[in-house]
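Subject: Handover of a structure and notes on it

Dear colleague,

I am passing on the structure below, followed by my notes on what was found in it. Please read the two side by side.

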Amino acid sequence: MRKVSPLDLILVGKVIRPHGTGGLVRVASYAGSEDSFIEAGSLLLKKPSGEIRRFRVIDARPHKRVVLMRLEGIDSIPSAENIRGADIYIETKNLSRTNDEVFWFELIGLAVHLDTGEEIGRISGIIPTPAHDIYVVREGSKEYMIPAVHEVVEKIDIQAGRIVVKPPEGLFEVNEI
């Protein structure tokens, strides 16, 4: 297997356990949908022992709160058991996206500027909610929760390393309580 830099990988899930007798595995997915696995084509699995192997994705489909996945070469309970607990990575070059889509890993660390130009901090985390994501922005001991909605986030410029926001009136007063 060719050498891949850890900087070129994104963690997208974890193998929970085998499912049935034919080599399917139950996966806790960190991806937006099971299509992310299929579109990537191949995955890197890092077993708890540290061993890393590449697998081609044959199928991935939702099942209750997990994804059932079939990988090339995993066709029995013992072979599925052998990858139990493995972290699943996709090479960033294999991620597909729409024109305006950004990934969470690209946002972490970006500088957040008000529409007036003032920098208020950097994105340190993202909280998913049913309505929309919330960017956690920190600067020293200050922390702000910025709703990731078009009405607030005016521009995301990954190349420049910054986001421009126009917070609604009162947002920072609420955040400082």
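A contact here means heavy atoms within 4.5 Å. With that in place, residues 24 or more positions apart account for 50% of the contacts in the protein chain that have a separation of 6 or more. Please bear in mind that this is a predicted model, in which local features need pLDDT of at least 70 and side-chain atom pairs count only at pLDDT 80 or more, while totals for chains, interfaces and linings use all residues. Residues are numbered from 1 along each chain as its sequence is written, and side-chain values use heavy atoms, with hydrogens and water left out.

On the whole chain, the C-alpha trace spans about 60 × 35 × 30 Å along its principal axes. The secondary structure comes to four helices and 12 strands, where helices (H or I, at least four residues) and strands (E, at least two) are DSSP runs numbered from the N terminus. Of the 177 residues, 37% count as buried, a word that stands for under 20% relative accessible area, with exposed set at over 50% and partly exposed in between (1.4 Å probe, protein chains only). The chain exposes about 10500 Å², of which carbon and sulfur atoms supply 51%; these areas come from the Shrake-Rupley method with a 1.4 Å probe, and for residues only the protein chains shown count as cover.

Turning to the strands, I looked at strand β6 (residues 87-91), in which four of the five residues are buried. Strand β1 (residues 9-19) pairs with β6 in the antiparallel sense over five bridges, pairing being assigned if DSSP finds at least two bridges between two strands. Within this pair, Leu 9 has Glu 91 of β6 as its bridge partner, and Lys 14 stands opposite Asp 87. Strand β3 (residues 42-46) also pairs with β6 in the antiparallel sense, here over three bridges, and Lys 46 stands opposite Asp 87 as well.

Strand β1 has a further partner in strand β2 (residues 24-29), to which six bridges join it in an antiparallel arrangement, and Lys 14 has Ala 28 of β2 as its bridge partner. The two strands β1 and β2 form a hairpin with four residues between them, and Gly 20 in the turn has a positive phi of about 75 degrees.

Ser 42, which lies in strand β3, counts as buried because its relative accessibility is 17%. The side chain of Ser 42 makes a polar contact with the side chain of Arg 54 at 3.2 Å (a pair of N or O atoms within 3.5 Å; within protein, one must be able to donate a hydrogen and the other to accept it, and residues adjacent in sequence count only if both atoms are side-chain atoms). Leaving aside residues up to four places away in sequence, Ser 42 touches Arg 54, Phe 55, Arg 56, Val 57 and Asn 94.

Leu 107, in helix α3 (residues 104-107), counts as buried because its relative accessibility is 1%. Not counting residues up to four places away in sequence, Leu 107 touches several residues, among them Ile 123, Tyr 135 and Ile 163. The C-alpha atoms of Leu 107 and Gly 161 are separated by 8.4 Å, although these residues are 54 residues apart along the chain.

With best regards
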